[in-house]
Amino acid sequence: MAKPLVEVSITTWRKNRVSAGSEHGRVLLMPGTGYNCDRPLLYWSAQALVEAGWRVDRMNVRNASDDLSVVTPVINDAIDGWVERVRKEGWSGRLMLIGKSLTTLTYPHVARKHGLPFVLLTPVINPADFDPTDQIIPIESTEGDVAYPGPDPLICAGTADPFYDRAKANKLTSHVHEYPDANHSIEVPGHWRRSLDYLKEVTASVAQYAATL
(Lines give C-alpha, C1' and ligand atoms only; values in the text may rest on other atoms or scores of the structure.)
Protein backbone atom coordinates (compact mmCIF):
# COMPACT_ATOMS: atom_id res chain seq x y z
CA MET A 1 0.00 0.00 0.00
CA ALA A 2 1.31 3.44 -0.95
CA LYS A 3 2.23 5.85 1.81
CA PRO A 4 -0.44 8.51 2.46
CA LEU A 5 0.44 11.87 1.00
CA VAL A 6 1.07 14.84 3.24
CA GLU A 7 -2.14 16.89 3.46
CA VAL A 8 -2.12 20.56 4.42
CA SER A 9 -5.23 22.69 4.91
CA ILE A 10 -5.68 26.30 6.07
CA THR A 11 -8.85 27.65 7.64
CA THR A 12 -9.94 30.91 9.22
CA TRP A 13 -10.14 30.74 13.01
CA ARG A 14 -13.69 30.85 14.36
CA LYS A 15 -12.52 33.02 17.28
CA ASN A 16 -11.50 35.99 15.12
CA ARG A 17 -13.14 39.19 16.35
CA VAL A 18 -12.62 41.61 13.48
CA SER A 19 -14.01 41.31 9.99
CA ALA A 20 -11.81 40.86 6.94
CA GLY A 21 -10.48 44.20 5.78
CA SER A 22 -10.57 45.90 9.19
CA GLU A 23 -7.86 43.87 10.90
CA HIS A 24 -4.52 45.15 12.17
CA GLY A 25 -2.79 42.30 10.32
CA ARG A 26 -3.12 38.71 9.16
CA VAL A 27 -1.24 35.83 10.77
CA LEU A 28 -0.85 32.19 9.79
CA LEU A 29 -0.61 29.83 12.77
CA MET A 30 1.24 26.60 11.95
CA PRO A 31 1.51 23.41 14.03
CA GLY A 32 4.29 21.11 15.08
CA THR A 33 4.38 17.32 14.89
CA GLY A 34 1.82 16.21 17.47
CA TYR A 35 1.31 19.83 18.51
CA ASN A 36 -1.74 21.32 16.81
CA CYS A 37 -2.99 24.90 16.89
CA ASP A 38 -5.12 24.24 19.97
CA ARG A 39 -2.07 23.44 22.10
CA PRO A 40 -1.00 26.12 24.61
CA LEU A 41 1.85 27.96 22.89
CA LEU A 42 -0.08 28.41 19.65
CA TYR A 43 -3.55 28.86 21.15
CA TRP A 44 -2.60 31.65 23.54
CA SER A 45 -0.38 33.37 20.99
CA ALA A 46 -3.41 33.47 18.71
CA GLN A 47 -5.65 34.77 21.49
CA ALA A 48 -3.22 37.59 22.23
CA LEU A 49 -3.09 38.61 18.58
CA VAL A 50 -6.86 38.48 18.17
CA GLU A 51 -7.17 40.86 21.12
CA ALA A 52 -4.75 43.18 19.32
CA GLY A 53 -6.92 43.21 16.19
CA TRP A 54 -5.22 40.57 14.08
CA ARG A 55 -7.10 37.95 12.03
CA VAL A 56 -5.80 34.42 12.46
CA ASP A 57 -5.71 31.62 9.91
CA ARG A 58 -4.72 28.15 11.10
CA MET A 59 -2.87 25.37 9.31
CA ASN A 60 -3.50 21.67 9.79
CA VAL A 61 -0.96 19.07 8.62
CA ARG A 62 -2.03 15.43 8.20
CA ASN A 63 -0.06 12.30 7.31
CA ALA A 64 3.26 13.96 7.94
CA SER A 65 6.17 11.63 7.25
CA ASP A 66 9.15 11.34 9.60
CA ASP A 67 11.19 12.35 6.56
CA LEU A 68 10.95 16.11 6.94
CA SER A 69 12.56 16.68 3.54
CA VAL A 70 9.28 15.38 2.09
CA VAL A 71 6.98 17.32 4.41
CA THR A 72 8.58 20.77 4.33
CA PRO A 73 8.15 21.48 0.58
CA VAL A 74 4.43 20.70 0.84
CA ILE A 75 4.08 23.16 3.71
CA ASN A 76 6.10 25.74 1.76
CA ASP A 77 3.63 25.45 -1.12
CA ALA A 78 0.71 25.89 1.28
CA ILE A 79 2.28 29.06 2.68
CA ASP A 80 2.77 30.43 -0.84
CA GLY A 81 -0.89 29.72 -1.55
CA TRP A 82 -1.96 31.49 1.65
CA VAL A 83 0.07 34.61 0.85
CA GLU A 84 -1.30 34.68 -2.69
CA ARG A 85 -4.90 34.20 -1.53
CA VAL A 86 -4.68 36.90 1.14
CA ARG A 87 -3.21 39.37 -1.35
CA LYS A 88 -5.86 38.52 -3.94
CA GLU A 89 -8.51 39.25 -1.32
CA GLY A 90 -7.19 42.80 -1.36
CA TRP A 91 -5.22 42.76 1.88
CA SER A 92 -2.01 44.75 1.42
CA GLY A 93 -1.15 45.23 5.09
CA ARG A 94 0.83 43.29 7.67
CA LEU A 95 1.41 39.56 7.35
CA MET A 96 3.14 37.34 9.90
CA LEU A 97 3.71 33.63 10.47
CA ILE A 98 3.98 31.63 13.69
CA GLY A 99 5.50 28.16 13.42
CA LYS A 100 6.07 25.44 15.99
CA SER A 101 8.91 22.93 15.59
CA LEU A 102 8.18 21.15 12.27
CA THR A 103 6.82 24.27 10.57
CA THR A 104 9.77 26.43 11.64
CA LEU A 105 11.69 24.59 8.92
CA THR A 106 9.80 26.76 6.42
CA TYR A 107 11.53 29.89 7.68
CA PRO A 108 14.31 29.94 5.02
CA HIS A 109 11.74 29.65 2.21
CA VAL A 110 9.49 32.32 3.71
CA ALA A 111 12.38 34.72 4.30
CA ARG A 112 13.79 34.35 0.81
CA LYS A 113 10.52 34.38 -1.12
CA HIS A 114 8.27 36.62 0.95
CA GLY A 115 10.47 38.46 3.48
CA LEU A 116 7.81 38.15 6.17
CA PRO A 117 8.21 38.35 9.96
CA PHE A 118 8.19 34.92 11.57
CA VAL A 119 7.79 33.68 15.14
CA LEU A 120 9.86 30.51 15.60
CA LEU A 121 8.53 28.56 18.58
CA THR A 122 11.01 25.80 19.53
CA PRO A 123 12.76 25.93 16.14
CA VAL A 124 14.56 22.92 14.72
CA ILE A 125 18.14 24.19 14.84
CA ASN A 126 19.65 20.79 15.71
CA PRO A 127 18.41 17.70 13.82
CA ALA A 128 15.38 15.78 15.10
CA ASP A 129 16.30 12.27 16.17
CA PHE A 130 13.45 10.73 14.12
CA ASP A 131 14.24 12.52 10.84
CA PRO A 132 16.45 10.40 8.56
CA THR A 133 17.41 13.48 6.52
CA ASP A 134 18.45 15.67 9.49
CA GLN A 135 16.56 18.74 8.31
CA ILE A 136 17.35 21.94 10.21
CA ILE A 137 17.14 25.70 9.72
CA PRO A 138 20.55 26.35 8.14
CA ILE A 139 22.46 28.94 10.14
CA GLU A 140 26.07 27.96 9.59
CA SER A 141 27.80 26.74 6.44
CA THR A 142 31.32 26.04 5.24
CA GLU A 143 31.28 29.54 3.74
CA GLY A 144 30.22 31.26 6.97
CA ASP A 145 26.98 32.18 8.67
CA VAL A 146 23.82 32.07 6.53
CA ALA A 147 22.08 35.43 6.11
CA TYR A 148 18.35 35.67 5.40
CA PRO A 149 16.49 38.67 3.98
CA GLY A 150 13.57 40.28 5.74
CA PRO A 151 13.00 41.13 9.40
CA ASP A 152 14.71 39.16 12.15
CA PRO A 153 12.50 36.34 13.43
CA LEU A 154 11.51 35.90 17.06
CA ILE A 155 12.84 32.71 18.68
CA CYS A 156 11.30 31.22 21.83
CA ALA A 157 12.87 27.99 23.10
CA GLY A 158 13.74 26.06 26.25
CA THR A 159 17.32 25.41 27.26
CA ALA A 160 16.55 21.69 27.72
CA ASP A 161 15.21 21.37 24.19
CA PRO A 162 17.51 19.00 22.24
CA PHE A 163 16.65 20.72 18.95
CA TYR A 164 17.78 24.13 20.24
CA ASP A 165 21.24 25.69 20.07
CA ARG A 166 21.87 29.01 21.79
CA ALA A 167 24.93 30.01 19.77
CA LYS A 168 23.23 29.34 16.45
CA ALA A 169 20.01 31.05 17.52
CA ASN A 170 21.89 34.23 18.35
CA LYS A 171 23.56 34.17 14.95
CA LEU A 172 20.15 33.99 13.28
CA THR A 173 18.41 36.82 15.15
CA SER A 174 18.70 39.38 17.91
CA HIS A 175 15.24 38.39 19.16
CA VAL A 176 15.98 35.27 21.24
CA HIS A 177 13.93 34.39 24.32
CA GLU A 178 15.18 31.42 26.35
CA TYR A 179 13.40 29.54 29.13
CA PRO A 180 15.72 27.75 31.60
CA ASP A 181 15.16 24.00 32.01
CA ALA A 182 12.19 24.00 29.59
CA ASN A 183 11.71 21.19 27.08
CA HIS A 184 10.52 21.18 23.46
CA SER A 185 7.04 22.27 24.59
CA ILE A 186 8.56 25.09 26.70
CA GLU A 187 7.40 23.26 29.80
CA VAL A 188 9.34 22.12 32.86
CA PRO A 189 8.11 18.64 33.80
CA GLY A 190 7.05 18.48 37.44
CA HIS A 191 6.87 22.29 37.75
CA TRP A 192 3.48 23.52 36.62
CA ARG A 193 3.90 27.03 37.99
CA ARG A 194 7.11 27.61 36.04
CA SER A 195 5.51 26.09 32.96
CA LEU A 196 2.55 28.47 33.21
CA ASP A 197 4.86 31.42 33.82
CA TYR A 198 6.80 30.50 30.70
CA LEU A 199 3.57 30.22 28.71
CA LYS A 200 2.63 33.75 29.75
CA GLU A 201 6.11 35.01 28.86
CA VAL A 202 6.03 33.41 25.41
CA THR A 203 2.57 34.83 24.73
CA ALA A 204 3.69 38.30 25.80
CA SER A 205 6.82 38.05 23.63
CA VAL A 206 4.73 37.12 20.58
CA ALA A 207 2.35 40.03 21.23
CA GLN A 208 5.25 42.45 21.66
CA TYR A 209 6.98 41.25 18.48
CA ALA A 210 3.75 41.67 16.51
CA ALA A 211 3.21 45.15 17.93
CA THR A 212 6.51 46.33 16.43
CA LEU A 213 5.52 45.42 12.86
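**View 1. Arg 62 and its salt bridge to Glu 7.** Arg 62 is partly exposed, at 46% relative accessibility. Buried means under 20% relative accessible area, exposed means over 50%, and partly exposed lies in between (1.4 Å probe, protein chains only). The partner of Arg 62 is Glu 7, and their closest N and O atoms are 3.5 Å apart. This pair links distant parts of the chain: Arg 62 belongs to strand 3, Glu 7 to strand 1 (residues 7-12), and 55 residues separate them. Glu 7 is also partly exposed, with a relative accessible area of 38%. A salt bridge here is a side-chain nitrogen of Lys or Arg within 4 Å of a carboxyl oxygen of Asp or Glu. Helices (H or I, at least four residues) and strands (E, at least two) are DSSP runs, numbered from the N terminus.

The model is predicted: local features need pLDDT of at least 70, side-chain atom pairs count only at pLDDT 80 or more, and totals for chains, interfaces and linings use all residues. Residues are numbered from 1 along each chain as its sequence is written, and side-chain values use heavy atoms, with hydrogens and water left out.

**View 2. Arg 58 and Asp 38 in a salt bridge.** The N to O distance between these side chains is 2.9 Å. Arg 58 sits in strand 3 and Asp 38 in the loop between strand 2 and helix 1, so the bridge ties together parts 20 residues apart in sequence. Arg 58 is buried, with a relative accessible area of 15%. Asp 38 is partly exposed, at 45% relative accessibility.

**View 3. Arg 194 and Asp 181 in a salt bridge.** The closest N and O atoms of this pair are 3.0 Å apart. The pair links distant parts of the chain: Arg 194 is in helix 5, while Asp 181 is in the loop between strand 9 (175-179) and helix 5, 13 residues away. Both count as partly exposed: Arg 194 at 29% relative accessibility, Asp 181 at 46%.

View 4. The structure holds 14 salt bridges.

**View 5. Helix 1 and what covers it.** Helix 1 spans residues 40-51, twelve in number. From first C-alpha to last, helix 1 reaches 16 Å, close to the 16 Å expected at 1.5 Å a residue. The expected span is 1.5 Å times one less than the number of residues. Nine of the twelve residues are buried, so by that cut-off of under 20% the helix is mostly covered. The buried residues include Leu 41, Leu 42, Tyr 43 and Ser 45. Ala 46, Gln 47, Ala 48, Leu 49 and Val 50 are buried too. Their cover includes strand 2 (25-30), strand 3 (54-62), strand 4 (94-100), strand 5 (118-121) and helix 5 (192-211). Contact means heavy atoms within 4.5 Å. Gly 53 follows helix 1 and has a positive phi, near 95°.

View 6. A disulfide is a pair of cysteine sulfur atoms within 2.5 Å. By this rule the count is zero. The closest cysteine sulfur to that of Cys 37 is in Cys 156, 16 Å away and too far for a bond. Both residues are buried: Cys 37 at 4% relative accessibility, Cys 156 at 0%.
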